[in-house]
Amino acid sequence: MRIPCPLCGPRDRREFYYYGTTDYLDRPSDMDGLDNQLFLRDNPAGLTRDLWYHENGCTSWLIVTRNTVTHAISHAELVMDRDAAPKSITPNPASKPARKTTPKKDASNA
Ligand SMILES: [Zn+2]
């Protein structure tokens, strides 16, 4: 299978890392939505839009439209060209909220 990278041209799929559905670009704000997104995934027979990372190429994130039955790729575009910011798929460790810690009670005093 060859993936048409918008920057590099058609390349072997082994140059890419498959991430999953483009649903990951839109993270849900509540835990139920997140639980559904992580554990109740669709497995469609037909057209899908998936995220691929051109790991051994231009290191760009792509949205690839592919038919899961025929494996034919009909379209590929850069995630950065999408309206939404691609930050949700490449989390910045510095942006994580600080973890709250509570002091541990000493078990010997109980
Ligand atoms: Zn590329």
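A residue is called buried if 20 or more other C-beta atoms lie within 10 Å of its own, exposed if 12 or fewer do, and partly exposed in between, with C-beta atoms placed from the backbone. The model examined here is predicted, so local features need pLDDT of at least 70 and side-chain atom pairs count only at pLDDT 80 or more, while totals for chains, interfaces and linings use all residues. Residues are numbered from 1 along each chain as its sequence is written.

In the protein chain, buried residues account for 9% of the 110 residues. The chain holds 1 helix and 6 strands, where helices (H or I, at least four residues) and strands (E, at least two) are DSSP runs numbered from the N terminus. Read from the N terminus, the elements follow the order β-β-β-α-β-β-β.

Four of these strands can be followed into an open sheet of 4 strands, ordered E3-E4-E5-E6 with antiparallel pairing; two strands pair if DSSP finds at least two bridges between them. Strand E3 (17-21) and E6 stand at the edges with a single partner strand each, so one side of each has no neighbour in the sheet. Within the sheet, E5 and E6 run antiparallel and are joined by 5 bridges.

The loop between strand E5 (61-67) and strand E6 (73-78) contains Ala-72. Ala-72 counts as exposed because 11 other C-beta atoms lie within 10 Å. The C-alpha atoms of Ala-72 and Met-1 are separated by 8.3 Å, although the two are 71 residues apart along the chain.
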